[in-house]
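Take a look at the model below.

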Amino acid sequence: MANYAVDLHRTASTTLSVGVIGADATRPRRGEIYDLLLGSEAAAADNPFLYVLQRCTALGTSTGVVPQPLDPADAATEADAGENHTVEPTYTAAAILLEIALNQRATFRWIATEGGRLIYPATAANGIGVATPTSSAVVVTTQIHFAER
Amino acid sequence: MRSATGYAQVVDPDRPLVERDTIGCGHCGRVIFVKPDTASTVYLVLNRQALRWHEEPGAFCRVCMRPVCLACDAHGRCLPWERQFEMSEARDRLCRAVGL
């Protein structure tokens, strides 16, 4: 099982996703998110943010981001990641995996061991998206570390 | 009861460090924030309107013997995430095998 990291950026929007990660459409493999960082690199200001991670059954249309293997000897991942969506992912209603309210100045980090990770299935184009239903129009970043089975 | 399988941290320059233990829902995989020193029997639930936390009694499935989130507990049936994934992946393999 190899480990990968990917950074997803976007000017936060209440209607547009920050980014998405999920299984490839033709060679799907399971993925496990075990380390997640959420924050904003914009100039410090007091704005409320609600970050939501939600399951999706289609990854939408986005600018592709290539996850980097943490061990350079590992092969490239089969997982697909994207940011700056022009077509939003198809989110599964109520399938919210994590939600956290933050001030813009704050940074959130979550790590998990086996049994507590966020897992997406080896089903074509299924994955997990990051959205900001409460936000201000400043740049936010999500860094995701995941393992691929 | 179950020990935490995750840990969350909020670093805010204007406030004290916030640390939370988390567990995963045995049915949907959701990250559940738990109150410290309660053996995961008290959940911390975010109120989306007020953007504040409040405490709720935890939930435990006695079929799969795992803690579950309050939404899955309200649903009232046991379908562990492993089984859901197996069904989803089997359906996907069948669709690709027949060229859909």
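In chain A, six strands make an open, antiparallel sheet, ordered β5-β7-β2-β11-β4-β8. Strands here are DSSP runs of E of at least two residues, helices are runs of H or I of at least four, and both are numbered from the N terminus. Two strands pair if DSSP finds at least two bridges between them. At the edges of the sheet stand β5 (61-65) and β8 (90-103) of chain A; each has a single partner strand, so one side of each lacks a neighbour in the sheet. On average, neighbouring strands are turned by 30° against each other, direction ignored. The axes behind that angle are lines fitted to C-alpha atoms.

This is a predicted model: local features need pLDDT of at least 70 and side-chain atom pairs pLDDT 80 or more, while totals for chains, interfaces and linings use all residues. Residues are numbered from 1 along each chain as its sequence is written, and chains are lettered from A and ligands numbered from 1 in the order in which they are written.

Nine bridges link β8(A) to strand β4 (residues 48-58) of chain A, in the antiparallel sense. Within this pairing, A:Gln54 has A:Ile96 of β8(A) as its bridge partner.

Next, the chain contact. Chain B brings 25 residues and chain A brings 30 residues, where contact means C-beta atoms, placed from the backbone, within 7 Å. On the chain B side, β1(B) gives the most, with six residues.

β1(B) runs antiparallel to strand β9 (residues 107-112) of chain A, joined by six bridges. There, B:Val10 stands opposite A:Phe108.

Technical notes: Two residues are in contact if their C-beta atoms, placed from the backbone, lie within 7 Å. Axes are lines fitted to C-alpha atoms, for helices over the stretch in contact, and angles run from 0 to 180 degrees between N-to-C directions.
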